[in-house]
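Let's walk through this one together, with a few questions and answers. Here is the model to look at.

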Amino acid sequence: MSRIGRLPITVPAGVELKIDGDIVSVKGSKGELTHTVPSPIAVVLEENTVTVSRPNDERDSRSLHGLTRTLIENMIIGVTAGYEKKLEIHGTGYRVVAKGSNLEFALGYSHPVVVEAPEGIAFALDGNTKITVSGINKQQVGEVSANIRKLRKPDPYKGKGVRYAGEIIRRKVGKAGK
């Protein structure tokens with residue numbers, strides 16, 4: 001039995017969870033999320049507890065059991081508290097400016113790089129070198145953050161670029177270091 005999959009999920013007050021066949025929808029103060037549960041997995045709501053079970057011990061069922069439980073729990077956390085990732089920009093002349101709901105980066109290229117905010121994602125700036133990406137969908141927040149980081153990955157020699165807050169960059173020694 002999956003150690004993660006067998007754990008029950010408690011639904012907090014203020015969160016409305018509906019199970020309609022294989023579609024689980026969660027509605028909270030921050031918004032609404034839906035997820036389609038794969039076919040062999042069963043989701044049951046009893047009072048304020050959600051349990052995820054699988055019919056057999058086949059490889060596919062075992063791999064989807066814990067995943068489905070974690071995705072449902074992430075949806076509940078997303079509609080109550082939300083998710084956020086913080087990014088930092090390091091480097092001389094590197095900065096970010098808010099243009100409406102979009103961000104415009106100056107990252108040492110010959111042109112500014114514009115990042116549009118997808119639906120459900122909000123950007124917040126702290127100065128011109130710190131960015132906060134927030135939303136209710138954990139996967140979407142992580143993907144947008146990774147795409148922003150990908151614009152200019154941290155350089156291993158000087159440490160310049162976009163990095164996650166608290167990320168430690170392993171520095172390399174240049175040619176002079178023998």
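Q: Over how many bridges do strand β9 and β10 pair in the antiparallel sense?
A: This is a predicted model, where local features need pLDDT of at least 70, side-chain atom pairs count only at pLDDT 80 or more, and totals for chains, interfaces and linings use all residues. Residues are numbered from 1 along each chain as its sequence is written, and side-chain values use heavy atoms, with hydrogens and water left out. Helices (H or I, at least four residues) and strands (E, at least two) are DSSP runs numbered from the N terminus, and two strands pair if DSSP finds at least two bridges between them. For β9 (residues 102–106) and β10, running antiparallel, the number of bridges is 3.

Q: Which residue in β10 is the bridge partner of Glu104?
A: We can now look at one individual bridge. Glu104 has its bridge partner in β10, and that partner is Val114.

Q: Which strands stand at the edges of the open sheet?
A: The sheet has 3 strands, paired antiparallel in the order β8-β9-β10. Two of them have a single partner strand each, so one side of each is left without a neighbour in the sheet. Those edge strands are β8 (95–99) and β10 (113–115).

Q: Is Thr68 buried or exposed?
A: Thr68 lies in helix α1. Leaving aside neighbours within four places in sequence, Thr68 is in contact (heavy atoms within 4.5 Å) with Val37, Pro38, Ile41, Val43 and Val52. On the scale used here, buried means under 20% relative accessible area, exposed over 50%, and partly exposed in between, with a 1.4 Å probe and protein chains only. Because its relative accessibility is 1%, Thr68 counts as buried.

Q: What is the relative accessible area of Thr129?
A: Thr129 sits in the loop between β11 (121–126) and β12 (130–135). Beyond its neighbours within four places in sequence, Thr129 is in contact with Leu87, Glu88, Ile89 and Tyr94. Thr129 is partly exposed, and its relative accessible area is 27%.

Q: How far apart are the C-alpha atoms of Thr129 and Phe105?
A: Along the chain, these two residues are 24 residues apart.
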